[in-house]
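Subject: Structure handover

Hi,

Here is the structure I promised to pass on.

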Number of protein chains: 2
Amino acid sequence: MPDRKHHTREVIHIKGSDSQTETRSVVQEVPLTVFLNGKELITLLTTGDANRELALGFLLSEGFLQVKEDLKSIRVDDEAGTVEIELSGDLDLTEKLWGKRAVTSGCGKGATFYHILDSLHAKPVSSQLTVAPARVYELMKELNRLSDLYRETRGVHNSALADGEKILVFRDDIGRHNAVDKIRGACFLDEIPLGDKLLVTTGRMSSEIVVKVAKMGVPILISRSAPTSLALDLAERIGLTLIGYVRGDKMTVYTGKQRVLL
Amino acid sequence: MPDRKHHTREVIHIKGSDSQTETRSVVQEVPLTVFLNGKELITLLTTGDANRELALGFLLSEGFLQVKEDLKSIRVDDEAGTVEIELSGDLDLTEKLWGKRAVTSGCGKGATFYHILDSLHAKPVSSQLTVAPARVYELMKELNRLSDLYRETRGVHNSALADGEKILVFRDDIGRHNAVDKIRGACFLDEIPLGDKLLVTTGRMSSEIVVKVAKMGVPILISRSAPTSLALDLAERIGLTLIGYVRGDKMTVYTGKQRVLL
């Protein structure tokens, strides 16, 4: 994985009516085009530091890929901003459904919205994993400690996968969905199971993030931000534990409270 | 327009290891499906308070609609979460191009990315509009004052259209793209010209927001947040003024400094 990317730009900083020229760090945003079995599938806008993981995470999230055996080849060209992936199996139905995808809140990826709701309905989260509040505060502090690119540019969302003890995988991106997809891709490559893990993020919890996390099979989602009504409805329905507003030694448990040790 | 929507939920608030049940406000998130000339086009996830404006703004942003004469009919069903729009003219090409859209940073809508770059290239921003720093600070303060739903739920992004004096149109949504599309839809319905206005937003400035604002013809974009490298490259190329990091009496001018009175 190349170093995290940021650029420096000359800007005019103004305080009151006094101005001065300064050099400022800006997060890199680049297009990444994913080709699936020779056909252009999508162009993602990303920080560009983990293109292999992002492309794989995207295909996993969108249902194109399920198991490692189906991944025939992957070719990443960071310069050109392309990832070419060959999968075995018949993808026709997935592609057709995906074409009907909802776009969304302005933080959208895809997949047919109601189709997802249906498929989620069939797979409730059953994990017996629990977490103590003190551990949640620690994990959020650790996430913030790891956020170098955010401190430098203020332009990314951070996400991490943790076990009951510590953060195992940390990723950031200009898009909060991409940050989670990078984690999913990394876990796929390293064969890290997800069903006994916690996902910690700085982003707001909309229905789409809940759907993404539920499809990963992660039973506990922790955020420093607020959830939406639909995110709570979905989390409730599938039995996902949703903890929001984690700041210092405070947090709010919205759903799935049986996994929080009170 | 119905009242802004929020729901109350019972949650467990935890401080340290002490827990108590509380009632908390949560922003409403609902699906809105847009039908164009009888065909389902997209499902947006939104606060659901300005469905007519959002649907029109979306069609304007994505290039399906340009002038009021082409709008034959619009039927909004807030209960069902649908907007049915009939447009005159041949939409085949637009639909085909739109089908090839990029998805993006996790804050994506659509339209073919490079196609947009090309079309922007042809239309540089030429407005002579200028703004003084003191006015920028005032507009951001006014945006914050108007943000009732944000204060209540912490779950929305706010955007506003302003002239050189004050805010004319304020909208919020769970998605920062939707908030801007609602403004565009409102201006279309009320025939408010955009070429001499400023857009003020709380959201981060990625390439997609720059593209959206440039297509609106708004010459100055102001945000309390940070831009990305690609947003700056695009803004520079088309001559858009980009002001970020507006907090209190400080701000940063990234591009198009000739419109800022120093």
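Below is what turned up, starting with a sheet and ending with some backbone angles.

First, the ground rules: this is a predicted model, so local features need pLDDT of at least 70 and side-chain atom pairs count only at pLDDT 80 or more, while totals for chains, interfaces and linings use all residues. Residues are numbered from 1 along each chain as its sequence is written, and chains are lettered from A and ligands numbered from 1 in the order in which they are written.

Chain B has an open sheet of four strands, in the order β4-β3-β6-β5 and with mixed pairing. Strands here are DSSP runs of E with at least two residues, helices are runs of H or I with at least four, and both are numbered from the N terminus. Two strands pair if DSSP finds at least two bridges between them. At the edges sit β4 (39-46) and β5 (71-77) of chain B, each pairing on one side only. From one strand to the next the twist averages 15 degrees; axes are lines fitted to C-alpha atoms (for helices, over the stretch in contact), with angles from 0 to 180 degrees between N-to-C directions.

Strand β3 (residues 30-36) of chain B is joined to β4(B) by seven bridges, in the antiparallel sense. Within β4(B), B:Thr46 is the residue opposite B:Val30. Lying across β3, β4, β5 and β6 (82-87) of chain B is helix α1 (residues 51-61) of that chain, at about 45 degrees to β6(B).

Over in chain A, how many of the 11 residues of helix α1 (residues 51-61) are buried? The count is 10, among them A:Leu54, A:Phe58 and A:Leu60. Buried means 20 or more other C-beta atoms within 10 Å of a residue's own, exposed means 12 or fewer, and partly exposed is in between, with C-beta atoms placed from the backbone. The cover over α1(A) includes β3 (30-36), α6 (176-189) and α7 (207-216) of chain A. After α1(A) comes A:Gly63, with a positive phi near 85 degrees.

Most residues other than glycine have a negative phi. B:Glu191 has a positive one of about 55 degrees, and sits in the loop between α6 (176-189) and β9 (198-201) of chain B. B:Tyr245 also has a positive phi, near 55 degrees, but lies in strand β11 (residues 241-247) of chain B. Why does B:Tyr245 count as buried? Because it has 20 C-beta neighbours inside 10 Å. B:Glu191 counts as exposed because it has 7.

Cheers

Definitions and conventions. Two residues are in contact if their C-beta atoms, placed from the backbone, lie within 7 Å.
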